[in-house]
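I opened this notebook to record what I looked up in one structure. The entries follow the order in which I worked.

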Amino acid sequence: MEDWGVALIAAGAAVAGSLVTGWFTRSTGVRQAEAARHAGDEQAAAARHAGEQQAHALLRSVQATLSDQRAMRRLDLRRQAYVAFLVVAERLLEARRSGVGISRPLMSEARHAMYVVTLEGPTEVSSAASLVVESALRSVGGRAGGLEDMQAAVRDFLFAAQDALRSPPG
């Protein structure tokens with residue numbers, strides 16, 4: 001029986017050793033799997049963060065582009081309003097120079113162009129446009145205010161408009 005006892009003890013020791021080794025191997029595998037999962041999660045989070053940063057950068061770029069386009073459109077609308085007013089102002093000056101006089105329809109057109117300039121702004125340009133129309137009205141009413149006054153008012157409008165076009169609209 002001694003051989004059997006030794007064999008049983010040896011077999012029991014082998015089984016116990018296998019169980020202990022298996023347990024430790026399993027524990028190590030679980031820890032490694034957990035570490036790999038954690039590393040994968042970290043990598044995915046980093047990739048998500050990088051993707052979010054790229055998306056934010058793209059969004060900021062698109063917003064800046066749209067803002068620039070809006071500013072350019074606004075500037076172009078101002079320029080168009082100023083040019084239209086200058087065209088009418090030149091017609092007012094020509095009517096005054098020719099001695100024919102400024103007609104009611106031309107005054108109405110000048111007021112309309114002035115209103116558009118007033119809407120587009122800024123205040124300095126709007127005020128200068130008003131002075132052009134006022135000097136033309138003085139001319140129509142036969143009151144004092146010669147051609148030189150109208151020319152000076154148009155020149156002041158032109159300078160105000162140039163200043164406004166140099167600085168981007170707010």
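The entries below go from the whole chain to single residues.

**Entry 1. Ground rules**

I worked on a predicted model, in which local features need pLDDT of at least 70 and side-chain atom pairs count only at pLDDT 80 or more, while totals for chains, interfaces and linings use all residues. Residues are numbered from 1 along each chain as its sequence is written, and side-chain values use heavy atoms, with hydrogens and water left out.

**Entry 2. The chain as a whole**

I looked up the secondary structure, taking helices (H or I, at least four residues) and strands (E, at least two) as DSSP runs numbered from the N terminus. The chain has four helices and zero strands, and its pattern along the sequence reads α-α-α-α.

I then looked up burial, where buried means under 20% relative accessible area, exposed over 50%, and partly exposed in between (1.4 Å probe, protein chains only). Of the 170 residues in the chain, 22% are buried. The accessible surface is about 11,800 Å², and carbon and sulfur atoms account for 61% of that surface. These areas come from the Shrake-Rupley method with a 1.4 Å probe, and for residues only the protein chains shown count as cover.

For contacts (heavy atoms within 4.5 Å), I considered residues at least 6 apart in sequence; 69% of such contacts join residues at least 24 apart.

**Entry 3. The nonpolar core**

I defined a nonpolar core as a set of buried Ala, Val, Leu, Ile, Met, Phe, Trp, Tyr and Cys residues joined through side-chain atoms within 4.5 Å. Which members of the largest core touch the most other members? They are Phe-85, Leu-92 and Phe-157, in a core of 28 residues. Helices H1, H2, H3 (123–140) and H4 each supply at least two residues of this core. The largest share, eight residues, comes from H1.

Leaving aside neighbours within four places in sequence, Leu-92 is in contact with Ile-102, Leu-106, Met-107, Ala-110, Val-132, Ala-136 and Met-150.

**Entry 4. Aromatic pairs**

I noted that a pair of aromatic rings is described by the distance of the centres and the angle of the planes. Rings of Phe, Tyr and Trp (its six-membered ring) pair if their centres lie within 6.5 Å; planes under 30 degrees apart count as stacked, over 60 as edge-to-face and the rest as tilted. By this rule I found two aromatic pairs.

Tyr-82 and Phe-157 form an edge-to-face pair, at 6.0 Å centre to centre and 90° between the planes. Tyr-82 lies in helix H1 (residues 2–98) and Phe-157 in helix H4 (residues 147–166), so this pair ties together parts that are 75 residues apart in sequence. Both Tyr-82 and Phe-157 are buried.

The ring centres of Phe-85 and Phe-157 are 4.7 Å apart with the planes at 55°, so that pair is tilted. This pair also links distant parts of the chain, with Phe-85 in helix H1 and Phe-157 in helix H4, 72 residues apart. Phe-85 counts as buried at 1% relative accessibility, and Phe-157 is buried at 0%. Tyr-82, Phe-85 and Phe-157 form one aromatic cluster.

Which residues of H4 are buried? I listed Met-150, Ala-153, Val-154, Phe-157, Ala-160, Ala-161 and Ala-164. Seen down the axis of H4, these buried residues fall within an arc of 125°, so they line one face of the helix. The arc is that of the directions from the helix axis to the C-beta atoms. On the face of H4 turned away from the buried side, I found the exposed residues Glu-148 and Arg-166.

**Entry 5. H2 and what follows**

In H2, I recorded Leu-106, Met-107, Ala-110, Ala-113, Met-114, Val-117 and Glu-120 as buried. They cover an arc of only 135° around the axis, which puts them on the same side of H2. The face of H2 turned away from its buried side carries the exposed residues Arg-104, Pro-105, His-112 and Leu-119.

H2 is followed by Gly-121, whose phi is positive, near 70°. A cis peptide bond joins Gly-121 and Pro-122, with omega about -5°. Pro-122 lies in the loop between H2 and H3.

**Entry 6. Ser-126**

Last, I looked up Ser-126, which lies in helix H3. Ser-126 is buried, with a relative accessible area of 13%. Not counting residues up to four places away in sequence, Ser-126 touches Val-117 and Thr-118.
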